[in-house]
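Trainee: Could you take me through this model feature by feature, giving the general idea before the particular case?
Mentor: Gladly; let us look together.

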Amino acid sequence: MAVAVADTLDAGDTLVCEAGTGVGKTFAYLVPALLSGRKVLVSTGTRNLQDQLFHRDLPLVREVLGVGVRIALLKGRANYLCPYRLGTALADEGRRDPLLRSQLLQVRDWGAATKSGDIAELAIPDDAPVWPVVTSTTDNCLGQDCPEWDACPLLAARRRAQAADLVVVNHHLLCADLALKDQGFGEVLPGADCFIIDEAHQLPEVASGFFGSALSSRALLDLIRDLEVEYKREAADVPEVPQRAEALRRAVQDLRLALGGENRRGPWREIAESPEPLAALDDLTARLSALESGLTAIKGRGKGLDACLARCSDAVEQLAEVTGAEAEEAIRWFETQGRGFRLHRTPLEVAGVFQNYMQRHSAAWVFTSATLAVGEGFDHFVGRLGLAGARCARWESPFDYPNQALWFVPRGMLDPSDLAYVQQVAELTLEILEASRGRAFLLYTSHRALREAAAWLGPRLEWPMLVQGSAPRGELLERFRHLGNAVLLGTASFWEGVDVRGEALSCVVIDKLPFASPGDPVLQARIDALRRSGGNPFRDFQLPQAVITLKQGAGRLIRDATDRGVLVVCDPRLLSRPYGHAFLASLPPMARSRELEDVKRFFDEGPADMLPSG
């Protein structure tokens with residue numbers, strides 16, 4: 001794989017490659033990247049993976065190679081302290097929330113000593129109320145007008161990235177640059193000769209979010225909050241401004257109420273065809289425009305107010321884009337979460353936009369992941385990003401799956417659509433956990449199934465139970481590793497990017513084949529578009545996506561050459577439906593069985609008697 005990456009970097013070509021768990025794909029691309037003598041940009045899926053790559057893997061490989069390549073870590077602006085906003089927050093005596101005040105003092109003390117300004121250094125939860133107050137957004141950044149411009153950690157990080165030979169970013173930052181969504185600094189990312197995209201299976205969905213338009217209640221409420229601070233300093237004699245801001249706040253709250261109480265994603269027609277949400281949306285549009293007019297009338301009173309005016313005008317434009325006429329190439333939809341909402345306009349495909357970017361930037365491109373192929377083919381991934389003509393390659397995992405792992409598909413399971421299915425899965429899971437003595441991940445395809453399973457299993461488990469949502473993801477994983485016999489219940493975010501080695505994770509139970517919900521508005525729009533073009537939505541999109549997701553979930557089990565464990569797929573459709581072959585052909589060659597006694601014997605004796613053919 002390292003040779004293939006080196007050849008790609010030398011030739012300026014495009015490589016799409018899958019590397020099974022244990023291949024060492026990180027080293028396989030870092031070695032040629034560091035030896036290439038070129039400017040390389042490495043993008044990975046999450047900030048946690050960025051930190052691991054930059055602080056652990058890169059220094060090791062650079063030291064072994066003995067090369068003096070300059071490296072830099074660059075994250076999105078929300079990851080860096082904004083000294084100006086910190087000072088403004090500390091000066092605002094109106095903040096009476098004791099928790100927020102306490103966190104502000106923590107940030108102040110840390111901010112006086114930090115060299116990077118990366119908020120990951122501070123042990124405050126990601127969702128803490130302090131972070132939106134002391135970090136900037138594209139909307140509220142004052143740019144070169146900021147009095148703290150020279151002390152800006154984000155600016156310093158970008159300068160280091162400009163000077164480095166290899167820069168580590170994440171997909172969100174990469175796509176923000178592709179979509180030119182971060183105004184004020186020009187391009188976020190330095191020009192590179194080579195792009196290496198790790199965890200590339202995530203890129204199409206991330207890109208879809210950036211190449212569309214969206215407006216959130218949080219963005220509007222942040223604008224109102226910042227406006228109230230700037231108003232007191234620069235225009236306290238103009239009462240119309242806070243009045244119009246308060247009217248906008250009520251309109252935001254009214255629209256959230258009109259969209260219903262539950263957390264969900266819905267198609268735009270639910271707004272367009274319902275009097276209450278439609279009226280609330282019209283009111284929001286009017287209140288936002290009124291605030292823009294009020295701020296325009298006092299333009300020039302202060303830099304802070306002018307920045308709020310620019311944000312307000314951007315919000316007016318975004319709202320107009322989202323609520324504009326329907327187009328064949330995009331889908332409008334909304335989502336609600338807690339007290340907030342987001343209104344979206346999402347492109348149905350990003351292949352054309354992505355190809356245009358690649359053509360504008362003459363560079364080598366490497367796309368890699370442990371899960372890109374369906375069976376042995378890359379057509380699905382290649383098609384989503386428009387990578388026709390790319391070289392494709394696969395390297396299988398070196399692990400001894402037939403002896404390290406057993407794949408169990410139970411007999412007698414109900415159809416997953418049956419109302420009693422969740423209960424049946426929970427009862428089977430309890431039997432399996434008794435054999436594995438806890439030490440398991442239980443992966444669910446919906447939050448509803450997770451909640452029902454947790455309620456049933458909780459009183460019956462003799463091992464510690466950890467449930468997604470009860471604590472931050474990182475904390476749950478750390479407790480799981482430390483306890484050694486825990487049972488962790490999770491949905492989407494636990495299906496990938498989780499590395500637990502050793503006996504603490506000896507069993508993975510998957511409740512259903514992970515087909516995306518047909519009620520999801522974006523998926524439904526893609527299905528409709530594929531039908532209109534004469535394609536087969538299930539074969540061309542839904543099935544490949546589900547195969548890749550199942551590969552991710554199964555990949556949690558065996559992470560090391562000494563790991564052993566059982567993978568349980570409860571869904572009977574795996575063997576009863578013709579499409580099951582697509583899943584079977586894409587998973588590692590574990591020993592297979594349909595007998596629960598084999599699972600018990602595996603944990604008691606090992607898999608010596610299991611036949612790979614099942």
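**Reading the model**

Mentor: We can begin with a polar contact, that is, a pair of N or O atoms within 3.5 Å, where within protein one must be able to donate a hydrogen and the other to accept it, and where residues adjacent in sequence count only if both atoms are side-chain atoms; here a polar atom of the Ser 397 side chain lies 2.5 Å from the backbone oxygen of Thr 21. This is a predicted model, in which local features need pLDDT of at least 70 and side-chain atom pairs count only at pLDDT 80 or more, whereas totals for chains, interfaces and linings use all residues. Residues are numbered from 1 along each chain as its sequence is written, and side-chain values use heavy atoms, with hydrogens and water left out.

Trainee: Which backbone nitrogen lies 3.1 Å from a polar atom of the side chain of Ser 397?

Mentor: That nitrogen belongs to Phe 399. As for contacts in general, the term means heavy atoms within 4.5 Å, and Ser 397 touches Gly 20, Thr 21 and Val 23 once residues up to four places away in sequence are set aside.

Trainee: Where is Ser 397 placed, and is Ser 397 buried or exposed?

Mentor: Helices (H or I, at least four residues) and strands (E, at least two) are DSSP runs, numbered from the N terminus, and Ser 397 sits in the loop between strand S11 (391-395) and helix H17 (401-404). Burial is read from relative accessible area, with buried meaning under 20%, exposed over 50% and partly exposed in between (1.4 Å probe, protein chains only); Ser 397 has 18%, and so is buried.

Trainee: How should I read the phi angles, and what is the phi of Arg 437?

Mentor: Most residues other than glycine have a negative phi. Arg 437 has a positive phi near 55°, and Arg 439, also not a glycine, has a positive value of about 55°. Arg 437 is in the loop between helix H18 (421-436) and strand S13 (440-443), and Arg 439 is placed in the loop between H18 and S13.

Trainee: Which residues of helix H7 are buried, and what covers them?

Mentor: In helix H7 (residues 153-163) the buried residues are Pro 153, Leu 154, Leu 155, Ala 157, Arg 158 and Ala 161, and their cover includes strand S3 (71-73), helix H4 (83-91) and strand S4 (166-170). Asn 170 lies in that strand S4 and is buried, because its relative accessible area is 5%; leaving out residues up to four places away in sequence, Asn 170 touches Ser 43, Thr 44, Thr 46, Arg 47 and Gln 50.

Trainee: How do sequence separation and spatial separation relate for Gly 111?

Mentor: Gly 111, in helix H5 (residues 98-111), is 30 residues along the chain from Leu 81, and their C-alpha atoms are separated by 7.5 Å. Ala 492 is 381 residues from Gly 111 in sequence and 34 Å away in space, C-alpha to C-alpha. Ala 492 lies in the loop between strand S15 (487-490) and strand S16 (507-510) and is exposed, with a relative accessible area of 58%, whereas Gly 111 counts as partly exposed at 26%.
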